[in-house]
Every structure is written in C-alpha cells, then in structure tokens.
Amino acid sequence: MEISKNKLPNIKKAKKRNIKKKIITFCYDKKFNNLGKNKKYFIRTYGCQSNIRDSEIISGILKQLSYVPTTNIENANLVILNTCAIRENAELKVFSEIGLLKKLKEKNDVKFGICGCMAQEEGVVEKIIKKIPHVDFIFGTNDINEIPRILYDLYNTKKRVISVSSNLNYIYENLPSIRDNKIKAFVNIMYGCDKFCSYCIVPYTRGPLRSRKSEDILQEVNELIKKGYKEVTLIGQNVNSYGLDFKKNYYFKNLLEDVAKTNIERVRFTTSNPWNFTKDIVDVMSKYKNIMPHIHLPIQSGDEAILEAMNRKMKIEKYLELISYIKEKIPNCSITTDIIVGFPNESSKQFSNTIKLYDTVKFDNAYTFIFSKRIGTPAALIKDKILDETKKQRLEMLNEIVRKYAKENCEKWVGKIIDVLVEGSSKKEKKVLTGYSPQWKVVNFIGKAKEGQIVKVKITSASRFSLNGNQI
C-alpha cells in the first residue's frame, strides 16, 4: 500500500517553537458531505481529558460527513484509535489493540486509523508504516480538521494517508462536536506546553502553548449553559500557563473569574503546574462559590534534586507554602497530585523525601506511576542503575500511603451534608444514585433525583475513594 501526502512527525522540528499563532475557523468542502453515507464509526479513546475532548470533536466532524456512531466495533465501517503517549504501557495497549483489529479488518470491510499523541511520535509512526500495513490512515493532534480530506483521499485513491504536523501553531475554532456527557463538559482553554519537563513527551506531541481567546471560551461556556450543562472543566496541558502567550495582561486567574461570572453552577480546571500556580488563582477560587474546591497540583517528587533533573522548577518549601495558603483560604478544598517513582537513579533517600512530603500534605488522592522512558525526551538518555524490582516495591509503598490518606480524607465527611451533582444510577447497583461532591469525591446515595440535579446528601459512611449517604 502506497503512502499519500506523507507528512511525518519530526521531534527536531517540534522542538523549534514558532510563536506565530494562527486562529482558523473550521470549514470544509461540501463535496465531503456524504463520505460516511450508510457507514458507521467507532472511536476508542485512551489517555487524558484532552484526548476525550478530541474524540468528541472527531465525532462531530464524522457526523457532518454523514457517519453514524456504533458502540459495537464489529459493526463499524470506520475504526479510529485516539491514542496516548504519556507512558509506555499506554502505547503497548494500543499496539495490542492494533494487532487484534487485524482480524476484524480481514473479516469486514473496515477502514482503520490511528490518531492522538502516539501519531505525533516519530518512531511510532515509522513503525506503523513499515510493519503494520492494515492501518489505513494516521493523523496528528493538530490535524483533526483534516479528517474530511483524509477520508476523501483514502476512499478515492485507495492509498494509505498520513497527515501529521510537526510545527503545531494553529487553533481551530467552531469545530463541531458530540459531547459524551449531557451535564458536564470539557472546555479547552489552551493547547500545547512550553515547560519541557525532562521526562515528558507532551511538548513534542501537542506543540507549543497556544491560548484560545477568552471571548471564544466564554461564548462556548454560555452556549453550554443554554443547553442545560451544569458543570464545565477548563482543560489544558497546564491551565495556569493560560495567557502567557498573549500581549495583553490577561491570565488564567482572569479567565477563571470571567467563567465563574457566567453563573454556570460548577467550574473546575485541570491540570496545573505548581511552578506558576499563583496565589491570585486561589484568591479567585475563594471568592466564587461555583468554582469547585478541588485542585490537582502535580508535584511528581518530594526531592529537589530529582525535581531539578525533571526540569520541574519548584522548590519544596514554596510548594508547601502554596498548600498552606490553599488550606487557609479554602478550608474544605481537596488537593490531589501526581507522583513518579523511579526517576533514573532516584536514591532511597530521595524516595523517602517523597514519602515525607506526602505525609506532610496528606493529599486526598494521587495518580502514581513508575517512570516511563519516552524516546526523544532528555530523561530517556539517562543511564539508570535502579532495578525495576526496587521501583515496583517503592510504588507499592507509596500506594499504601495514598490509600491511607484517601480513606482518612473521605472519613472526614461522615455525618456531614454535601451537595452532589447527580450523574445517574450506580454501575454496580441500579437502585443507588451516584454523583460527585464539590471536592471531586464519588458519592453513592439512596434517594430520588434526576440526572443533572444538585441535591443535598448526608454522608453515612466512607471507603477509600468514595462516600455513601442518603438524600435529604
């Protein structure tokens, strides 16, 4: 199978930051309208909120092309895997799925494509091109707008189509979308990242920082309110970098306040780098009741030498000072974090500093991982002397502490009344309703409420990661 329009990712090109941001209104030729007539599509999404939002946009574009969705991959004429590249395990899962889909392709008349962050990785795309011929098309994180042209070329030339941009400087507005949730919505406020943590592939796969115009974001939020949405989560690789690429003095604290002023019932945001998480942001949060008291503040390590090697410009003392300020200004705020265990040559003393930090902060929860080498990042070049077994043991030690404080923080809510945004019935028990507290804790409760309602629930018991109660 030949390759059409062969644009491949290039990490060297991706490193060259071009600050000429371009905003484009999405539109396409009407000749593409019936590309999906009598065809069904299936999307499988891996990874973070940004990938979920990308899949919603892909679905919106496919709807415009006359495709209809299916939840049964066996019935699909078009299959797309929207991939994650943050860790090696995520890639392995995708490659396993690619292998399984070969049998589906042999049995059915199906076109099969790969997109997302893996599609922006130089070595990965080359591997697919050379060794996996049943992948019909590949497009990158900044090429979603090219879907109509990609599918048109695929059907009309019968050639494999590759469309992956290395220099990602565009922002596309007015992209159609089909949101997965009818009461909660992700809203992109920026794309890309300029922090270049030494272990992270995201600045290469997602490109440089590009902030959306505040008026476009606020318009999107107001449209969601009109449609009955109760909650928005402002998303980006590092939301508190929002506005740093503007010439005007308008930053994340300003945007957060303006979104709160729309009076949508709940506002959240993720993810934040503590390096430039200012106290002004905390002040805005404390000022508005509809900004939910939950902050995800990844520290990654409790040791400053490791943080320096990670290119994480945060001093532990400053981090603890910020945590104290959050707890002072927003006493009921839950704080969660990310931690990487086993960064190359992390000593037992350095790991113990991470445990010490965790014991000091007593986080509500944490996402914990063993360091994963990402080809193309500086950390991938470090020769590591720490055994994998040692890393696994440390991860389990850390997870025990995570579980301990998660349960303690949940138990604090027993006997209290909290507001819960109802999401429907529990997956485990249909008679039990489920939703989230302002602190981003799962609440399972007995009551009579409809999806989208915010109801008061008295908490009767708690487990490690959820609360139980009765509606009052």
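## Helices α9 and α11

In this predicted model, the axes of helix α9 (residues 279–287) and α11 come within 10 Å and cross at roughly 15 degrees. Axes here are lines fitted to C-alpha atoms, for helices over the stretch in contact, with angles from 0 to 180 degrees between N-to-C directions. α9 and α11 are therefore roughly parallel to each other; that label covers angles under 35 degrees, with over 145 roughly antiparallel, 65 to 115 roughly perpendicular and the rest oblique. Helices (H or I, at least four residues) and strands (E, at least two) are DSSP runs, numbered from the N terminus.

α9 passes α11 in a right-handed crossing, meaning the near helix is turned clockwise from the far one by less than a right angle. Lys 279, Val 282, Asp 283 and Ser 286 of α9 meet Glu 321, Leu 322, Tyr 325, Ile 326 and Lys 329 of α11. Contact requires heavy atoms within 4.5 Å. By class, this contact of α9 with α11 has 4 nonpolar, 1 polar and 4 charged residues. Ala, Val, Leu, Ile, Met, Phe, Trp, Tyr, Cys and Pro count as nonpolar, Asp, Glu, Lys and Arg as charged, and the others, Gly among them, as polar.

## Helices α2 and α5

Helix α2 (residues 49–64) packs on helix α5 (residues 147–157) at about 55 degrees, with axes 10 Å apart. That makes α2 oblique to α5. Their crossing is right-handed. Ile 58, Ile 61 and Leu 62 of α2 and Ile 147, Pro 148 and Leu 151 of α5 make the contact. Its residues divide into 6 nonpolar, no polar and no charged.

## Nonpolar cores

The largest nonpolar core has 69 residues. Such a core is a set of buried Ala, Val, Leu, Ile, Met, Phe, Trp, Tyr and Cys residues joined through side-chain atoms within 4.5 Å. Leu 234, Leu 256 and Phe 269 have the most contacts inside it. Helix α11 (residues 316–329) gives the largest share, 6 residues.

Apart from this core lies another, of 30 residues, including Ile 73, Val 124, Val 125 and Tyr 204.

## Met 118

Met 118 sits in the loop between β6 (111–116) and α4 (122–131). Met 118 is buried, at 0% relative accessible area. Buried means under 20%, exposed over 50%, partly exposed in between (1.4 Å probe, protein chains only). Beyond four places in sequence, Met 118 touches Thr 83, Cys 84, Ala 85, Glu 91, Val 94, Phe 95, Val 124 and Val 125.

## Basis

Residues are numbered from 1 along each chain as its sequence is written, and side-chain values use heavy atoms, leaving out hydrogens and water. In this predicted model, local features need pLDDT of at least 70 and side-chain atom pairs count only at pLDDT 80 or more, while totals for chains, interfaces and linings use all residues.
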